[in-house]
Amino acid sequence: MAHIIVVGNEKGGAGKSTVSMHVATALARMGHMVGTLDLDLRQKTLGRYVDNRNAFLAEKGINLPTPAYHDLPEIDQSTLKPGENIYDHRLSAAVAELEPDNDFILIDCPGSHTRLSQVAHSLADTLITPLNDSFIDFDLLAHVDADGEKIKRPSVYSEMVWQARQLRAQAGLEPIDWIVVRNRMGAQNMVNKKKMEAAIETLSRRIGFRTAPGFNERVIFRELFPRGLTLLDLKDIGVKGLNMSNVAARQELRDLIKSLDLPNVTVDF
Ligand SMILES: Nc1ncnc2c1ncn2[C@@H]1O[C@H](COP(=O)(O)OP(=O)(O)O)[C@@H](O)[C@H]1O
Ligand SMILES: [Mg+2]
């Protein structure tokens, strides 16, 4: 059975697609079979990212491990029974197709609440939630008091994950390993950073997630997408003498993959 990794957060711009591509490519580079799905059917950022990679590598005549990307299959509405949801069927058909041949299925979710995203969360063995260092983003996980110090109550996204956990428990599945990853951290504003850290720490104990180190804010992430590259590919395309920032970013990716603690994965880059 493939291990299902879902990357979700109802907030756009948190870094879901960036994290998705980096995790999927890192796993492919370590020799695992990885199939990916993109549930943002309109933007398809992850699908575009993989397309860009295949086009760039073909043009340069370079062969690099690449995660496979699959569109959700179309399903004929008339084959559904009354009350059956077409999105549920498209997702389960996609997962069923990928399951036998892959070690991992990575599912990138849209930055909004959709039926597809909700169902995907209940399929997650591992759930990665990238989170920007801002209380506006934190608000989807939990509401805090005016000082950002006391947690008042869990919020919409946490409630959705809670429901997904209930569904899995009812179906007798293993609990979701939920990991919140702080992304796009900057050196500025130490006060906010410390407050966020404390709030995430408190919330993690209350609603049950782990935290993992994410990426600092780095220009390189915005430059990789058009060529479909990740931090791990730079040497292979002939970038000589990686600068300090790229070396540090690689280390961040290594630490992230390690802390995901995925089955049969030994981090070797
Ligand atoms: N650590 C980072 N540093 C700088 N830019 C980042 C970082 N992570 C993501 N970005 C940029 O932020 C934007 C949103 O990222 P994306 O992965 O598309 O988020 P999401 O999928 O959650 O909407 C993109 O332009 C991406 O290149
Ligand atoms: Mg995205």
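A residue is termed buried under 20% relative accessible area, exposed over 50% and partly exposed in between, with a 1.4 Å probe and protein chains only. The structure is a predicted model, in which local features need pLDDT of at least 70 and side-chain atom pairs count only at pLDDT 80 or more, while totals for chains, interfaces and linings use all residues. Residues are numbered from 1 along each chain as its sequence is written, chains are lettered from A and ligands numbered from 1 in the order in which they are written, and side-chain values use heavy atoms, with hydrogens and water left out.

Helices (H or I, at least four residues) and strands (E, at least two) are DSSP runs numbered from the N terminus, and two strands pair if DSSP finds at least two bridges between them. An open sheet is formed by 7 strands in the order β3-β2-β4-β1-β5-β8-β9, with parallel pairing. The edges are taken by β3 (68–70) and β9; each has a single partner strand, so one side of each is left without a neighbour in the sheet. Ignoring direction, neighbouring strands are turned by 25 degrees against each other on average; axes are lines fitted to C-alpha atoms, for helices over the stretch in contact, and angles run from 0 to 180 degrees between N-to-C directions.

Strand β4 pairs with β1 in the parallel sense over 5 bridges, and Val 7 stands opposite Asp 108 of β4. Strand β2 (residues 34–38) also runs parallel to β4, joined to it by 5 bridges; here Thr 36 has Leu 106 as its bridge partner in β4. Of the 5 residues of β4, 5 are buried, so the strand is largely enclosed by the rest of the structure. Phe 104, Leu 106 and Asp 108 point one way from β4, and Ile 105 and Ile 107 point the other way. Between β1 and β5 the pairing is parallel over 3 bridges, with Ile 128 of β5 as the bridge partner of Val 7.

Helix α6 lies across β5 and β8 and runs at about 155 degrees to β8. Helix α7 packs on the sheet and touches β5, β8 and β9, its direction making about 175 degrees with that of β8. In helix α4 (residues 115–123), the buried residues are Leu 116, Ser 117, Ala 120, His 121 and Ser 122. These residues pack against β1 (3–7), α3 (86–98), β4 (104–108), β5 (126–132) and α6 (156–170).

Arg 90 is located in helix α3 and counts as buried at 12% relative accessibility. A polar atom of the Arg 90 side chain lies 3.4 Å from the backbone oxygen of Leu 72. With neighbours within four places in sequence left aside, Arg 90 is in contact with Leu 41, Leu 72, Pro 73, Glu 74 and Ile 75.

A nonpolar core is a set of buried Ala, Val, Leu, Ile, Met, Phe, Trp, Tyr and Cys residues joined through side-chain atoms within 4.5 Å. The largest such core has 41 residues, and Ile 5, Val 23, Leu 27, Ile 128, Leu 256 and Ile 257 have the most contacts inside it. Two or more residues are given to this core by each of β1, α1 (16–29), α2 (45–60), β4, β8, α8 (220–224) and α9 (244–260). Helix α1 supplies the largest share, 7 residues. Apart from this core lies another, of 37 residues, including Ile 4, Leu 140, Tyr 157 and Phe 209. Not counting residues up to four places away in sequence, Ile 257 touches Val 23, Ala 26, Met 30, Val 265, Val 267 and Phe 269.

The structure holds 5 aromatic pairs. Rings of Phe, Tyr and Trp (its six-membered ring) pair if their centres lie within 6.5 Å, and planes under 30 degrees apart count as stacked, over 60 as edge-to-face and the rest as tilted. The ring centres of Trp 178 and Phe 209 are 5.2 Å apart and the planes are at 65 degrees, so this pair is edge-to-face. Trp 178 lies in strand β8 (residues 177–183) and Phe 209 in the loop between α7 (190–207) and β9 (210–212), so the pair ties together parts that are 31 residues apart in sequence. Trp 178 counts as buried at 2% relative accessibility, and Phe 209 counts as buried at 7%. The rings of Phe 215 and Phe 221 have centres 4.7 Å apart and planes at 45 degrees, so that pair is tilted; both residues are buried. Ring pairs also link Tyr 157, Trp 178 and Phe 209 into a cluster.

Terms used:
Contact = heavy atoms within 4.5 Å. Polar contact = N/O pair within 3.5 Å; in protein donor to acceptor, adjacent residues only side chain to side chain.
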